[in-house]
Amino acid sequence: MSAWLVETLIATSGLLLLVLLLRDPVRQMFGAKVAYALWLLPALRMIMPPIASLMPDSPALSQVAAHSSALSSLIRTRMRQLDG
C-alpha cells in the first residue's frame with residue numbers, strides 16, 4: 001500500500017508541475033477550457049491503479065537498462081563510423 005502511495009505521490013507531483021508549465025501555452029493555443037481540462041490529468045492519476053498492475057508482464061527495469069545500454073553503445077559505434 002505504501003509503495004502505491006509513494007508512486008502516486010511522485011506521479012501526481014510530476015503531473016502538477018507539467019500542468020503548471022503547460023497551462024499558459026495551451027490556453028493561448030486552444031483556449032481556457034482546454035487549459036482547465038489539463039487539471040484532470042493529476043486528478044485522474046490519483047484514482048488510477050498502480051502503473052505496474054496495468055502491465056503485469058513487463059520486463060524488469062534492470063533488463064530494460066541492459067538492453068538500453070547495448071543499444072546506446074551500438075549507436076555510438078555507428079556514429080563514430082559515420083564521422084570517421
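Among contacts in the protein chain that link residues at least 6 apart in sequence, 55% are formed between residues at least 24 apart. These values refer to a predicted model, in which the protein chain comprises 5 helices and 0 strands, giving the pattern α-α-α-α-α when read along the sequence. Of the 84 residues of the protein chain, 10% count as buried, and the accessible surface comes to about 7,000 Å², with 71% of this area belonging to carbon and sulfur atoms.

A nonpolar patch on the surface is formed by Leu16, Leu17, Leu20, Tyr36 and Trp39, which together present about 530 Å² of accessible area. The element that gives the most to this patch is helix α1, spanning residues 2-30, with 3 residues. Leu16, one of the residues of the patch, has its place in helix α1; its relative accessibility is 35%, so Leu16 counts as partly exposed, a class that lies between the cut-offs of 20% for buried and 50% for exposed residues.

Helix α1 also holds Thr8, for which the computed relative accessible area is 6%, and Thr8 is therefore classed as buried, the cut-off for this class being under 20%. When residues up to four places away in sequence are not counted, Thr8 touches Arg45 and Met46. Helix α1 thus contains both the partly exposed Leu16 and the buried Thr8.

Key. Residues numbered from 1 in each chain as written. Predicted model: local features only at pLDDT ≥ 70, side-chain atom pairs only at ≥ 80, totals over all residues. Heavy atoms only, no water. Patch = residues over 30% accessible without salt bridge, like charges linked within 9 Å, V, L, I, M, F, W, Y side chains within 5 Å. Areas by Shrake-Rupley, 256 points an atom, 1.4 Å probe, with all protein chains shown as cover. Salt bridge = Lys/Arg side-chain N within 4 Å of Asp/Glu carboxyl O. Helix = DSSP H or I, 4+ residues; strand = E, 2+ residues; numbered from the N terminus. Buried < 20%, exposed > 50% of the residue type's maximum accessible area, 1.4 Å probe, protein only. Contact = heavy atoms within 4.5 Å.
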